[in-house]
Amino acid sequence: MLDLGENLRKLILAGVGIAAVTKEKGADVLNELVKKGELTIEQGKVLNEELKHNIKDAIRENVTIVTPPDDVISAVDSLSDEQLEALKAQAAAERTYVYYQLAQGRKDAHPDADFCTDHTCCSAYLSETAAKEKWAADFAPWNTRVVQAVADTDGLVALYDGEPILAVFHSSSAGRTAAGDVWSGDLPYLASVASPESADTVPNYYSTVTFTAAEAKDRLLAAHPEIKLTGAPETWFGAVTENDSGRVETVSVGGTDIEGTEMRRIFSLRSACFTLTADAESVTFRVTGYGHGVGMSQYGAELAKAG
């Protein structure tokens, strides 16, 4: 039996971040876990129980807690039950995601660190300073709500076959989430499911982006110099295929099939659920939702709770 209790004393989860006794000891613990085999469901339960006790001790030892004024505390009470539950789901998902990344080992992009704040590599992150600039007067009440959601889910992680899941999430879906095999292999828990969202419930649910024909051509050739874009712009684009979730699978561009996710990247679209039109002067994308579409939809979680 793997002695999870002893190992978890060395590796403590606090909020949505992880603090090891030292960077080296943290790596040693992970290596030990890998060498001794996969976590079982029973061991996963032990992990959850240990976290519940260790988080509180870690916070007391390492974090200075300032009690917010009553008007800030009241901000939590102003949220609906659905909003509070959505924040809790987000806190648990982010915590689980960090654990999953730790279990995979350090990446070539950051061999000296367990985790990074590049959203294309690990997870997006806002510093307190950046959050204050972005949220302005809303920072204090929303920060209180986030702290409360983290506290309410102390030590809670999602497991599949005893291991932390790849708990990915996105802002909003176009009616259905995308299957996880889009970029993460065959993970049964990342199946495509219905997500009840619309322009009435999600800000900027629909977006439109227009490029001049010259801008569109430059972007496409920078990514695919081999394609041939001759003639009028409306002739550049051919057949469009969609996957089961309604997102674009491929677009034929200059005779070459380009994946919808790559088109999203090339044109900085909010999602891969889009339609496109072209004429002599421009190329226009009409986009639904925001994010890669895999895993939990943040707006969908709130709406699902309400339903």
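Trainee: To start, how many helices and strands does the chain have?
Mentor: The chain has ten helices and twelve strands, and of its 307 residues, 39% count as buried. Keep in mind that this is a predicted model.

Trainee: Where's the largest nonpolar core, and which residues have the most contacts inside it?
Mentor: The largest nonpolar core has 21 residues, and those with the most contacts inside it are Leu220, Phe237, Val253, Met263, Phe267, Phe274 and Phe285. Two or more residues come from each of helix H8 (213–223), strand E8 (248–253), helix H9 (260–267), strand E10 (274–278) and strand E11 (282–288).

Trainee: Take Met263, then; what is it in contact with, leaving aside neighbours within four places in sequence?
Mentor: With those neighbours left aside, Met263 is in contact with Leu220, Phe237, Val251, Val253, Ile258, Leu269, Phe274, Leu276 and Phe285. Apart from this core lies another, of eleven residues, which include Ala93, Tyr100, Leu166 and Val168.

Trainee: You mentioned Phe285. What about Val209, which strand is that in?
Mentor: Val209 lies in strand E6 (residues 206–212), and with a relative accessible area of 25% it is partly exposed. Leaving aside neighbours within four places in sequence, Val209 is in contact with Leu269, Val283, Thr284 and Phe285.

Trainee: How far is the C-alpha atom of Val209 from that of Arg286?
Mentor: Their C-alpha atoms are separated by 6.6 Å, although Val209 and Arg286 are 77 residues apart along the chain.

Trainee: Switching topic: how many disulfides does the structure hold?
Mentor: The structure holds zero disulfides. In the case of Cys121, the closest cysteine sulfur is in Cys116 and lies 3.8 Å away, which is too far for a bond, because a disulfide requires two cysteine sulfur atoms within 2.5 Å.

Trainee: And Cys273, buried or exposed?
Mentor: Cys273 is buried, with a relative accessible area of 12%.

Trainee: OK, helices now. How do the axes of H6 and H7 cross?
Mentor: The axes of helix H6 (residues 128–135) and helix H7 (residues 139–152) come within 9 Å and cross at roughly 125°, so H6 is oblique to H7.

Trainee: Which residues make that contact?
Mentor: From H6 the contact is made by Glu128, Ala131, Lys132 and Trp135, and from H7 by Phe139, Trp142 and Asn143. Sorted by class, the contact of H6 with H7 has four nonpolar, one polar and two charged residues.

Conventions:
Residues are numbered from 1 along each chain as its sequence is written. This is a predicted model: local features need pLDDT of at least 70, side-chain atom pairs count only at pLDDT 80 or more; totals for chains, interfaces and linings use all residues. Side-chain values use heavy atoms; hydrogens and water are left out. Buried means under 20% relative accessible area, exposed over 50%, partly exposed in between (1.4 Å probe, protein chains only). Axes are lines fitted to C-alpha atoms, for helices over the stretch in contact, and angles run from 0 to 180 degrees between N-to-C directions. Helices (H or I, at least four residues) and strands (E, at least two) are DSSP runs, numbered from the N terminus. Angles under 35 degrees count as roughly parallel, over 145 as roughly antiparallel, 65 to 115 as roughly perpendicular and the rest as oblique. Contact means heavy atoms within 4.5 Å. Ala, Val, Leu, Ile, Met, Phe, Trp, Tyr, Cys and Pro count as nonpolar, Asp, Glu, Lys and Arg as charged, and the others, Gly among them, as polar. A nonpolar core is a set of buried Ala, Val, Leu, Ile, Met, Phe, Trp, Tyr and Cys residues joined through side-chain atoms within 4.5 Å.
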